Amino acid sequence: MTDDVLNITQEGPVALIGLNNPPVNALGAALRQGLSDAIRDLDADPSVKVIALYGEGRALSAGADIREFGKPPVPPRLPDVLDQIEGSDTPVVAVMHGTTLGGGLELALAAHARVVLPGARLGLPEVTLGLLPGAGGTQRLPRLVPLEKAIEIISTGRQVPADEALELGLADDMGQGTPQEAARAAAQAVLDGSLPTRPTGGISVTLDRDVLDQAISRLQNRRPALQAPIKAVEAIALAEKPISEGLPGERAAFMDLMDSPDRQGLIHAFTAERAVRHIPESDATPRRIDSAGVIGGGTMGVGIATALITAGIPVTLIEMSAEQADKARVGVMKNLDGAVKRGKMDAAKRDDLARGLTVATDLASLSDVDLVIEAVFEDLEVKTQIFGKLDGICKSGAILATNTSYLDVNRIAAATSRPQDVIGLHFFSPAHVMRLLEVVVADQTAADVVATAFDLAGRMKKVAVRSGVCDGFIGNRILAHYRKVADYMLEDGVSYQQIDRALEDFGFAMGPFAVGDLAGLDIGWATRKRKAPTRPATERYVEIADRICERGWFGRKTGQGYYLYDDPKARTPNPGAQQIVEAERQRAGVTPRDFSDEEIVARYMTAMISEAARVVEEGIALRPIDVDAVFLFGYGFPRHLGGPLNYADRIGARDLIRRIENYSTEDPHYWQVPTLLRELAESGRSFADLNKE
Ligand code: CAA
């Protein structure tokens, strides 16, 4: 029998149910209904002695269908289907392969025995979506694995590899062959008694209250203290009761979370990572990239080379001298060693990848590579010279990319006779770690070059976001704007410690002044000097950061900046910097005033949203969700808020305009209402609506 979403076959006493809902067998309404009907019919059929569940394609199932969230529920509900499976008199065995996640793993937990295939990864990632496992996961997992492990797996969403699953008792046996073959073999094992079966819900456990309490208090002390993991651990505590009492408690907590703003933000973040792949150039065929060149062996060049060779693309790295080239090689090795230390790869793999790196001192070594990424000093003159040379050296069809963070890619392209092959690839430091890649499309960049950049990002496991050309592209342009408001508030009377703390309490990993110290204050100083000649006379300019830099205080790397770093763990305000703040307030004739934490956040976020709206309005970003992805994957934006423009919808266009008009009485140059925001307010639409257009 073949349903649309299920392949059901009977082989003697064995019934095989194959989930067939590509790409990931998400448990949407049709699949739930099909499963429910199939279990009912097969359980009632006396010729069927065992039912084996498996997944066609990539996994048993990656869980609930995320696209149904936020919509009215369609019966049957997943928990009811799983209760039906657990209650089946005919034993049900499940084969877990691929990424068996969320509701997919809960489906297996409700079966009477579980077999895992090598390479499978099992997890309950619901907390990463602002939810908890709502189909029995919090009740059944602690009945199978030690409490500490159940808490860890559920509260982090970590994926458990197959061998660990077997060790923990999450799987009863390791299978082999295709999922269907493994299902057939597992069913036989049930029939011959070598694979025992029992309903998970029938197992009783005693849970250590101290372990639960400690886990809850750890999660409550986290910043931000998100509700989903806390409620998930509270739900685990119910597993001591009979399952018929625990399940309703779990369900109630799940439904509460479903309505929470965190859930909306986290699912928006999940969607953003995938939505940004939809670009006008999607249909173009990417060019083949089998080799690459990187010019410049500084931190960026070394990080980019590491990312490329880790993706299996051999790299020739160019530096000015043999000594610098060797230093760059050491840098790449250090990055790879770091990956070994963090358990991301083993030493053999590192040695293999390291063979992919060649260092050289002559641009001519790049004559045969498919892609060149230039990562030298941010200077238009230097970059255009290099591109002029590359034009004469590189083979026809090679892609010439610049890793500039704000310079005009059109001018760089104009230095070559092949502007169609030139593109901006803006990596974020450390380039082998940060997931964001801004793909900067210049006026004449060919569609297949853009498609290649996205393909390359996929190979490097990065999130590529398409950006048009403007100073700073999407991210740094918006940053340059909202960063100023932190300086304005500082000069107006609030301490930088309070600004940092308020924004950290809001959800940022680090406040803007602490970030400046970490990144190096000299970077922003150089940008301000570059922009000084074009700064409008009407723009308010705060000189505090310049005064700090003039002392040679560039942050962590010099031992002091806004904070002192004698003790690398502590963040003590630097009295010298505080004196500078006082002196600058006096010089500017400011009467210092207090700001509440709420006002700090409101001004900072309104400034960020304003510039983000302009970036969308001008078509620099394709959609609001692209801006959200840039901030989520490149700027540490709090994931549960879903990105600046997702957050903007929570405030609403009208309230944002009211705020801006209010602030603009103090500084009409800085605080201007973006046209797009007015349009949204007038038409009653949101940024989310623009994502759908
Ligand atoms: N529901 C609906 N669609 C899903 C999905 C899901 N659970 N999981 C993946 N997809 C879609 C993706 O959106 C993507 O669609 P497009 O091609 O249209 O963009 C497609 O499947 C392929 O996914 P990826 O591009 O992400 O492929 P990948 O190989 O990189 O990753 C994956 C596969 C690991 C399964 C990853 O997609 C993933 O992590 N998915 C989410 C899994 C998850 O969180 N499940 C729990 C759901 S909540 C739940 O189950 C609640 C409950 O208790 C009832």
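A residue is called buried if 20 or more other C-beta atoms lie within 10 Å of its own, exposed if 12 or fewer do, and partly exposed in between, with C-beta atoms placed from the backbone. The structure is a predicted model, in which local features need pLDDT of at least 70, side-chain atom pairs count only at pLDDT 80 or more, and totals for chains, interfaces and linings use all residues. Residues are numbered from 1 along each chain as its sequence is written.

Confidence was examined through pLDDT, the predictor's confidence in each residue, from 0 to 100. The mean pLDDT of the protein is 96. A value of 70 or more is reached by 100% of its residues. The model has an ipTM of 0.93 and a pTM of 0.91.

The protein is split into three parts: domain 1 (6-259), domain 2 (292-469) and domain 3 (476-691). These bounds come from an automatic or database domain assignment. The centres of domain 1 and domain 2, taken over C-alpha atoms, are 43 Å apart.

UniProt supplies further annotation, with positions in the numbering used here and feature names shortened; its annotations may be inferred rather than shown by experiment. An unreviewed UniProt entry lists residues 292-466 as "domain: 3-hydroxyacyl-CoA dehydrogenase NAD binding". In the model this span is 41% helix and 20% strand. Here helices (H or I, at least four residues) and strands (E, at least two) are DSSP runs, numbered from the N terminus. The end C-alpha atoms of residues 292-466 are separated by 21 Å. The unreviewed entry in UniProt also gives "domain: 3-hydroxyacyl-CoA dehydrogenase C-terminal", at residues 472-565 and 600-685. Residues 472-565 are 59% helix and 2% strand, and their end C-alpha atoms lie 30 Å apart. Residues 600-685 are 66% helix and 0% strand, with 27 Å between the end C-alpha atoms.

Helix H20 spans residues 512-519. Its buried residues are Pro 512, Phe 513, Ala 514, Gly 516 and Asp 517. They pack against helix H18 (475-492), helix H19 (496-506), helix H21 (521-531) and strand S18 (563-564). Contact means that the C-beta atoms of two residues, placed from the backbone, lie within 7 Å. Just after H20, Gly 520 adopts a positive phi of about 105 degrees.

Backbone geometry was then considered. The peptide bond from Pro 22 to Pro 23 is cis, with omega near 5 degrees. Pro 23 sits in the loop between strand S2 (14-19) and helix H1 (29-44). Asn 25 also lies in the loop between S2 and H1. Asn 25 is not a glycine, yet its phi is positive, at about 55 degrees. Asn 25 counts as buried because it has 29 C-beta neighbours inside 10 Å. The Pro 75 to Pro 76 peptide bond is cis, with omega near 0 degrees. Pro 76 belongs to the loop between strand S3 (50-55) and helix H2 (78-86). Phe 473, another residue other than glycine, has a positive phi near 55 degrees. Phe 473 is placed in the loop between strand S17 (463-467) and H18. With 26 other C-beta atoms within 10 Å, Phe 473 is buried.

Two residues at strand S12 were followed individually. Ala 360 is in strand S12. Ala 360 is partly exposed, because 15 other C-beta atoms lie within 10 Å. Leaving aside neighbours within four places in sequence, Ala 360 contacts Thr 316, Ile 318, Ala 325 and Ser 365. Ala 360 and Ala 325 are 35 residues apart in sequence, but 6.5 Å apart in space, C-alpha to C-alpha. Thr 361 lies in the loop between strand S12 (357-360) and strand S13 (371-374). Thr 361 has 14 C-beta neighbours inside 10 Å and so counts as partly exposed. Beyond residues up to four places away in sequence, Thr 361 touches Ile 318, Glu 319, Met 320, Ser 321, Ala 322 and Ala 325. Between Thr 361 and Gly 636, 275 residues apart in sequence, the C-alpha to C-alpha distance is 36 Å.
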